[in-house]
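Have the structure open while you read.

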Amino acid sequence: MAQLSDDCFAFGGPMMSVDEAVGIIASRVTAVRETETVALDTADGRVLAADLAAPLPLPPFTNSAVDGYAVRSSDLPQSGERVMPVRGRVQAGSWAAAPLGPGAAMRIFTGAPMPAGADTVFMQEDVRIDAAGDVVLPSGLKVGANVRPAGEDIPQGAVALAAGRRLRPQDIALAAAFGLTELEVIRPIRVALFSTGNELASPGSPRAAAQLFDSNRFMLLAMLRRLGCEVADLGILRDERAALVRAVKQVAASHDLILTTGGVSTGEEDHVKAAVESAGSLVLWRMAIKPGRPVAMGVVDGTPLVGLPGNPVASFVTFVHVVRPTVFALAGTAPDPAVAMPVRAGFTYKKKAGRREYVRVNLRMAGDGTPEVVKFPREGAGLLSSLVETDGLVELGEPITLVEPGQTVGFLGYASLI
Ligand code: AMP
Ligand code: MG
């Protein structure tokens, strides 16, 4: 599957900035084109394949926004009350039996079509009924008040949902409002997922004393599924270059993306980089990001490969910044950079200039009613508890070297990242 051209760019410089890497991914990864039709009830999270033009206006007919009395605005005085007989009644789901004649009001309910002749509706709370059963209307209501004109929400023919949109529940509601029962979406992105490392044992298998259970694979699997991917969980590969080369070559043709974790650093037992160079070509290796840094991106027989670091926190952070944009690009969906929300820092932190850092934090309401983030007390990239026990990440841009309490920082909640 030729999703990324081999010659797209050479490995430039020792470390690539996050923005540069994201830009390269967005511009160079080729979107999958194959589509499928899905029923509305399974369309959540799928990527719309083509623009959806409104087949009918919303609302489809002009109707009342409230329970009340429909009138002709030309009958209303500038000042003072106006008493009118109530002629007719129109309920949601049916048309008025006759048009509204001059000098009269019609009882109307929310969602009912406006009777011909009427252009304004008084809310029932704003009027009273006199002893004769006539309605007493106050002055000062604007022409057209409490009326929902046909097409005010979406006019017929307008692009209601654009191609490339990752469908949300409200988008599906819109399709249903048009009377559609199914939507044309991009087929799921197929990802081949491997963990690498001799020290890893799969949960459910025996663990030797010097081994730990493979946790990254399950985190990545869950994250990929949240992005709508179809994931082939291919288990654990040993730290052997030949085995890695064989494995990635074997899956390249049948997947849109190959994802590995571990073995991507510079140690003698880190073989992923060499394996990518041998099976295909390396596109990016080190990124100016912490936690993270060693991230390999390459191309194997036209299929992009991302090698994430093994430390769980580094794996999580680089997934968000490299894998997520890659999956979005493969699905032809617009890159969706999470906007960090400004909040007050409740901690001190020093960092080096020139790299992007992500600090694990908890968000809380401080005593003065201002949202404030507090740093997780420990920093190791191997601490799974630091991801489990926090609410999100504070993003510290490349130029920043110091954060002090009271300063405004950008907070990214985990829910906005994955
Ligand atoms: P590496 O990137 O292979 O140098 O691994 C860095 C650290 O992450 C080591 O302590 C590994 O044991 C650990 N690690 C690597 N892969 C995984 C994994 N799949 N699950 C949990 N920990 C891992
Ligand atoms: Mg390793």
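This is a predicted model: local features need pLDDT of at least 70, side-chain atom pairs count only at pLDDT 80 or more; totals for chains, interfaces and linings use all residues.

As for the overall build, the protein has eight helices and 29 strands. Its radius of gyration is 30 Å, well over the 22 Å that the globule rule gives for 418 residues, so the protein is more spread out than a compact globule. Along the principal axes, the C-alpha atoms fill a box of roughly 95 × 50 × 45 Å. Of the 418 residues, 46% are buried. The accessible surface comes to about 19000 Å², with 53% of that belonging to carbon and sulfur atoms. If you take the contacts between residues at least 6 apart in sequence, 72% of them join residues at least 24 apart.

Now for the strands. Strands of a sheet pair through backbone hydrogen bonds, either parallel or antiparallel. Both senses turn up in the pairings below.

An open sheet of three strands runs in the order 5-10-9, with antiparallel pairing. Its edge strands are strand 5 (82–84) and strand 9 (128–129), each of which pairs on one side only. Three bridges link strand 5 to strand 10 (residues 135–137), again in the antiparallel sense.

Strand 14 (residues 190–196) is mostly covered, with six of its seven residues buried. What does it pair with? One partner is strand 17 (residues 230–237), joined in the parallel sense over six bridges; here Ser195 stands opposite Ile236. Strand 18 (residues 257–261) also runs parallel to strand 14, with five bridges between them, and Phe194 faces Thr260 there.

Next, a look at one lysine. Lys352 sits in the loop between strand 24 (349–350) and strand 25 (356–365). Is this side of the story buried or exposed? With 58% relative accessibility, Lys352 counts as exposed, because the cut-off is over 50%. Leaving out residues up to four places away in sequence, Lys352 touches Glu357, Glu398 and Ile400. Lys352 and Leu402 are 50 residues apart in sequence, yet their C-alpha atoms are 8.5 Å apart in space.

Most residues other than glycine have a negative phi, and most peptide bonds are trans.

| Site | Feature | Value |
|---|---|---|
| Leu58 to Pro59 | cis peptide bond | omega near -10° |
| Lys290 to Pro291 | cis peptide bond | omega near -5° |
| Asn146 | positive phi | phi near 60° |
| Asp301 | positive phi | phi near 50° |

Where do these sit? Pro59 is in the loop between strand 2 (52–53) and strand 3 (63–64), and Pro291 is in the loop between strand 20 (289–290) and strand 21 (294–300). Asn146 belongs to the loop between strand 10 and strand 11 (147–148), while Asp301 is in the loop between strand 21 and strand 22 (303–308).

Technical notes: Residues are numbered from 1 along each chain as its sequence is written. Chains are lettered from A and ligands numbered from 1 in the order in which they are written. Side-chain values use heavy atoms; hydrogens and water are left out. Helices (H or I, at least four residues) and strands (E, at least two) are DSSP runs, numbered from the N terminus. The radius of gyration is taken over C-alpha atoms; the globule rule is 2.2 Å times the number of residues to the power 0.38. Buried means under 20% relative accessible area, exposed over 50%, partly exposed in between (1.4 Å probe, protein chains only). Contact means heavy atoms within 4.5 Å. Accessible areas come from the Shrake-Rupley method with a 1.4 Å probe; for residues, only the protein chains shown count as cover. Two strands pair if DSSP finds at least two bridges between them.
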